[in-house]
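Please keep the sequence and the 3D view open side by side as you read.

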Amino acid sequence: MTQMIGRALRGQKAGGTEKAYVVSFIDDWEDKINWVNPEKLHFEDDAEFIEKDIPSGNRTARLISIEMIEEFARIMDESIDTTGLEKLVFLKRIPLGIYRFSILEPSEGYEPKPTNYDVLLYDDTEEAYDNFVQDLKVLFQSIDLQDREILTQLELEFLLKIAKEIYFPDYQTLLGYRDEDVKNILRFYAHKEQKPEFLAFSERRKCDLSIVARHIYDNSLGGRAEADYIKSLWNDEKSFWQVLFSYKKLYFMKQLAIEIMKIADPDIYGDHVVGSIPTVIPDTVPIEKLTLYEIKERDILEYRKIKNAVFAKYTDAKGFISCAISGVKSQMRRDFQIDHIKPMSQGGLTTIDNLQLLTRKAHVEKTRRENTR
């Protein structure tokens, strides 16, 4: 339907007609038409009016904002209790990136239509999703696809159950987790036999509204001074505020007021803010002197590059990963953790030659021995 309307609206300059008539039938078709947010059309692979010149960082931020706009709208609705969401440290609610992929979906009377899917990865789900995606080849060994590209409903539910048990055991408490996201990744792999593309939101650190709130509170900005400061932030072309909040300043102002309230009166949220407040580390600090978690907060792409390099170092030609201490082998990433050979507390650095892979058991034992010493 989207493609048909797009063709009708081409106009004379694109070989179309002067007028176009669109007749929309309203019926019980909700389960047959994949209705989308109109803004998503700008990012459809086959959209003829896609904005090609949007910087990649802005494109990722735009995709994220489209997914998050419902969250901001709920916070604006006074009839909905969003206290639990508001308690979270703001940056924890901003995704580290997106898995973006396309699946051919059946359509009534036409050829299968490619449909884009987005899966947002947050601070507490990135590791689980990364292990899950890296282990897809091993997971699919448990079923016999033969020459098929489509999973049966029984196979899909079976793989979902395994994925939740292994990678998302605490799925009920994970921000943004949805069964449908895991299912769609499984469906994509069955069709393509490849991992979905990861788009990193590298500018995420610039979207920490709690820092803006802290500046206003600590400097006792109010009245005209506060209004001018907020206006300068909102209109700054180098910032991501307008993109993140879908150009809705009212959402931005409401969320900023919540962040200021958290500082001015922490008790208002009862159990206080959930999640540790990120430490802003200057870019002048060499990356090798940061922990892996700090590197992930600073640059998700660099973090993944280091992690992939360490796993590659301990993976043999047959795809088996080995523990540096016990020698235990497995083809599944989730069975291993990255460890500093020389602890950072003793001057060790986060470099490939000082990082190794250990099974969870070996890692716990090594840490216990180090703490005992």
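## Helix 11 and its buried residues

In helix 11, the buried residues are Tyr 251, Phe 252, Gln 255, Leu 256, Ile 258, Glu 259, Ile 260, Lys 262 and Ile 263. Buried here means under 20% relative accessible area, exposed means over 50%, and partly exposed is in between, with a 1.4 Å probe and protein chains only. Helices (H or I, at least four residues) and strands (E, at least two) are DSSP runs, numbered from the N terminus. This is a predicted model, in which local features need pLDDT of at least 70 and side-chain atom pairs count only at pLDDT 80 or more, while totals for chains, interfaces and linings use all residues. Residues are numbered from 1 along each chain as its sequence is written, and side-chain values use heavy atoms, with hydrogens and water left out.

Helix 11 covers residues 249-264, 16 residues in total, and spans 22 Å from its first C-alpha to its last, close to the 22 Å expected at 1.5 Å a residue. That expected span is 1.5 Å times one less than the number of residues. Lys 262 sits in this helix and is buried, with a relative accessible area of 8%.

## Salt bridges

Side chains of opposite charge can pair when their charged atoms come close. A salt bridge here is a side-chain nitrogen of Lys or Arg within 4 Å of a carboxyl oxygen of Asp or Glu, and by this rule the count comes to 27. One of them joins Glu 126 and Lys 296, whose closest N and O atoms are 3.7 Å apart. This pair links distant parts of the chain, with Glu 126 in helix 4 (residues 126-134) and Lys 296 in helix 12, 170 residues apart. Glu 126 is buried at 0% relative accessible area, and Lys 296 is buried at 7%.

Another salt bridge brings together Lys 307 and Asp 130, at 2.7 Å from N to O. Because Lys 307 lies in helix 13 (residues 300-313) and Asp 130 in helix 4, the pair ties together parts that are 177 residues apart in sequence. Lys 307 counts as buried at 2% relative accessibility, and Asp 130 is buried with a relative accessible area of 2%. Which residues are linked in a network of salt bridges? The members are Glu 126, Glu 127, Asp 130, Lys 296, Arg 304, Lys 307 and Arg 333.

For a pair in another setting, look at Lys 329 and Asp 316, which meet in a salt bridge of 3.9 Å, N to O. Lys 329 is in strand 5 (residues 329-330) and Asp 316 in the loop between helix 13 and strand 4 (321-322), 13 residues apart. Lys 329 is exposed, with a relative accessible area of 52%, whereas Asp 316 is partly exposed, at 30%.

## The cavity

On a 1 Å grid over the protein atoms alone, a cavity is a set of points where a 1.4 Å probe fits but cannot get out, and lining residues have an atom within 4 Å of a point. Grid points are joined across faces, edges and corners, and a volume is the space filled by probe spheres set on the points. The structure holds 1 cavity of 30 Å³ or more, and the largest cavity has about 50 Å³ of space.

Its lining is made up of Leu 96, Phe 201, Ser 202, Arg 204, Arg 205, Lys 296, Glu 297, Arg 298, Asp 299 and Ile 300. Helix 12 (residues 292-298) gives the most to this lining, with 3 residues. By type, the lining divides into 3 nonpolar, 1 polar and 6 charged residues. In this scheme Ala, Val, Leu, Ile, Met, Phe, Trp, Tyr, Cys and Pro count as nonpolar, Asp, Glu, Lys and Arg as charged, and the others, Gly among them, as polar.

## Positive phi angles

Glu 193 has a positive phi of about 55 degrees although it is not a glycine. Glu 193 is in the loop between helix 7 (179-192) and strand 3 (197-200) and counts as exposed, at 62% relative accessibility.

Ser 246, also not a glycine, has a positive phi near 50 degrees. Ser 246 is in the loop between helix 10 (241-244) and helix 11, and is buried with a relative accessible area of 7%.

## Cysteines

How many disulfides does the structure hold? The number is 0, where a disulfide is a pair of cysteine sulfur atoms within 2.5 Å. Cys 207 counts as buried at 0% relative accessibility, and Cys 323 is buried with a relative accessible area of 4%.

How values were computed: 1 Å grid on protein atoms, 1.4 Å probe; cavity = no way out; pocket = protein on both sides within 12 Å on 5 of 7 lines; lining within 4 Å.
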